[in-house]
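Hi there,

Here is the structure I promised to pass on to you. Have a look at it first, and then read my notes below.

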Amino acid sequence: MRYLIAVIDTATNTGRPDEMVHIDAFNDKLEAAGQMIMAVGIMSPDTAKVIDNRDDAGIITDGPLHKTEEYMSGFWVINAPDDETALHLATEGSKACNRKVQLRRFLG
């Protein structure tokens, strides 16, 4: 099954060098176990655009869909055989990046 582990932060690209060592080790572990699909940091929500083209509306709005203090600053997409394994990996990921994370399973 595929899961999203979303990294929660109040800014983007905040990983300190000492934290990056742990993040890289966690990434290497996922890669070695064949569980890594992808891992990336993403830009601040302030750089987002919300597009609503339902019924050809053509509405493009600058900024995030929702303004919040905390937001997703990056994520891992992983393979795990079950929810328990995914929860264990998300717990390790939170420790590795020194941030809160949110775990969500993909549909299907």
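**Strands, salt bridges and pockets**

Let's start with two strands: β1 and β5 run antiparallel and are joined by eight bridges. Please keep in mind that this is a predicted model. To find the pairing on screen, look for Asp-9, which stands opposite Tyr-71 in β5.

How many of the eight residues of β1 are buried? Six of them are, so β1 is largely enclosed by the rest of the structure.

Next come the salt bridges. The whole structure has nine of them. One joins the side chains of Lys-100 and Glu-70, at 2.9 Å from N to O. Lys-100 belongs to strand β6, while Glu-70 sits in the loop between β4 (59-62) and β5, so this pair ties together parts that are 30 residues apart in sequence. Both ends are partly exposed: Lys-100 has a relative accessibility of 48%, and Glu-70 has 37%.

Another salt bridge links Arg-16 and Asp-18, with 3.2 Å from N to O. Arg-16 is partly exposed at 42% relative accessibility, and Asp-18 is partly exposed at 43%. These two also belong to a network of salt bridges that links Asp-9, Arg-16, Asp-18, Glu-19 and Arg-99.

Is Arg-54 buried or exposed? With 62% relative accessibility, Arg-54 counts as exposed.

Rolling a probe the size of a water molecule over the atoms shows where empty space is left. The largest pocket has a volume of about 350 Å³. The elements that give two or more residues to its lining are β1 (2-9), α1 (17-32), β2 (36-41) and β5 (71-79). Its lining has 18 residues, and those nearest the centre are Met-20, Ile-23, Val-40, Gly-41 and Ser-73. By class, the lining residues are eight nonpolar, seven polar and three charged.

The second largest pocket holds about 280 Å³ of space. Of the 13 residues that line it, Pro-45, Pro-64, His-66, Tyr-71 and Met-72 lie nearest its centre. Seven residues of this lining are nonpolar, three polar and three charged.

Enjoy exploring, and write back with any questions!

Definitions and conventions: Residues numbered from 1 in each chain as written. Predicted model: local features only at pLDDT ≥ 70, side-chain atom pairs only at ≥ 80, totals over all residues. Heavy atoms only, no water. 1 Å grid on protein atoms, 1.4 Å probe; cavity = no way out; pocket = protein on both sides within 12 Å on 5 of 7 lines; lining within 4 Å. Points joined across faces, edges and corners; volume = space filled by probe spheres on them. Helix = DSSP H or I, 4+ residues; strand = E, 2+ residues; numbered from the N terminus. Nonpolar A, V, L, I, M, F, W, Y, C, P; charged D, E, K, R; others polar. Buried < 20%, exposed > 50% of the residue type's maximum accessible area, 1.4 Å probe, protein only. Pairing = 2+ DSSP bridges. Salt bridge = Lys/Arg side-chain N within 4 Å of Asp/Glu carboxyl O.
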